[in-house]
Amino acid sequence: MEQRTVHVPNISCGHCVMRIQKALEALEGVVRVEADVNSKEVTIEWGPPATWERIVATLTEIDYPPG
Ligand SMILES: [Cu+2]
């Protein structure tokens with residue numbers, strides 16, 4: 001398992017958090033997604049077949065690119 005925390009500037013409300021959680025949890029291999037509205041930080045825990053590149057691509061696709 002790998003774990004990483006990233007800053008996602010586009011997070012502005014609970015809706016954003018839910019959208020991110022739903023999109024990332026749909027990826028096979030992602031086991032945990034925690035996002036915080038105040039800090040705008042997202043913590044993701046994953047294993048194969050998920051990859052960090054795939055996670056970043058998914059966040060970017062739904063308009064929440066890490067930055
Ligand atoms: Cu929002």
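**Entry 1: the pairing of β2 and β3**

I looked up strand β2, residues 30-36, and found that it pairs with β3 in the antiparallel sense over six bridges. The model I am reading is a predicted one. I noted two positions in this pairing: V33 stands opposite I44 in β3, and A35 stands opposite V42 in β3. I then turned to the hairpin that β2 and β3 make, and I counted four residues between the strands. In this hairpin, K40 takes a positive phi near 60°.

**Entry 2: the pairing of β1 and β3**

Next I examined strand β1, which covers residues 2-7, and strand β3, which covers residues 41-46. These two strands also pair in the antiparallel sense, over six bridges. Which residue of β3 is the bridge partner of V6? I found that the partner is V42. I reminded myself of a general point: strands of a sheet pair through backbone hydrogen bonds, either parallel or antiparallel.

**Entry 3: the sheet as a whole**

In what order do the three strands lie in the sheet? I read the order as β1-β3-β2, in an open sheet with antiparallel pairing. Strands β1 and β2 stand at the edges with a single partner strand each, so one side of each is left without a neighbour in the sheet. From one strand to the next, the twist averages 10°.

I then looked at the helices. Helix α1, residues 14-25, packs on the sheet and touches β2 and β3. The direction of α1 makes about 170° with that of β2. Helix α2, residues 52-61, packs on the sheet as well, touching β1, β2 and β3. For α2, the direction makes about 140° with that of β3.

**Entry 4: the copper ion**

Which protein atoms are the donors of the copper ion? I found the SG atom of C13 and the SG atom of C16, lying 2.1 Å from the ion. I checked the accessibility of both residues. C13 has 32% relative accessibility and therefore counts as partly exposed. C16 has a relative accessible area of 6%, so this residue is buried. The cut-off I applied here is that buried means under 20% relative accessible area.

**Entry 5: salt bridges**

I searched the whole structure and noted three salt bridges. As a general point, side chains of opposite charge can pair when their charged atoms come close.

I began with R32, which forms a salt bridge with E34; the closest N and O atoms are 2.8 Å apart. R32 is partly exposed, at a relative accessible area of 24%. E34 is partly exposed too, at 42%.

The side chain of R32 also meets that of E45 in a salt bridge, with 2.9 Å from N to O. This pair links distant parts of the chain, since R32 is in strand β2 and E45 is in strand β3, 13 residues apart.

The remaining entry on my list is E61 with R54, where the closest N and O atoms of the salt bridge are 4.0 Å apart. Is E61 buried or exposed? At 60% relative accessibility, E61 counts as exposed. R54, at 39%, counts as partly exposed.

**Entry 6: a residue of helix α2**

I picked out V56, which is found in helix α2. V56 has a relative accessible area of 25% and is partly exposed. I also looked up the separation between V56 and S12, which are 44 residues apart along the chain. Their C-alpha atoms are separated by 19 Å.

**Entry 7: the whole chain**

The secondary structure of the chain comes to two helices and three strands. Read along the sequence, these follow the pattern β-α-β-β-α. The radius of gyration is 11 Å, close to the 11 Å that the globule rule gives for 67 residues, so the chain is as compact as a globular protein of that length. Along the principal axes, the C-alpha trace spans about 30 × 20 × 20 Å.

How many of the 67 residues, as a percentage, count as buried? I noted 37%. For contacts in the chain with a separation of 6 or more, I noted that 58% are between residues 24 or more positions apart.

Conventions
Residues are numbered from 1 along each chain as its sequence is written. This is a predicted model: local features need pLDDT of at least 70, side-chain atom pairs count only at pLDDT 80 or more; totals for chains, interfaces and linings use all residues. Side-chain values use heavy atoms; hydrogens and water are left out. Two strands pair if DSSP finds at least two bridges between them. Axes are lines fitted to C-alpha atoms, for helices over the stretch in contact, and angles run from 0 to 180 degrees between N-to-C directions. Contact means heavy atoms within 4.5 Å. Donors are N, O and S atoms within 2.8 Å of the metal (3.2 Å for Na, K and Ca); water is not among the atoms, so sites may look incomplete. Buried means under 20% relative accessible area, exposed over 50%, partly exposed in between (1.4 Å probe, protein chains only). The radius of gyration is taken over C-alpha atoms; the globule rule is 2.2 Å times the number of residues to the power 0.38.
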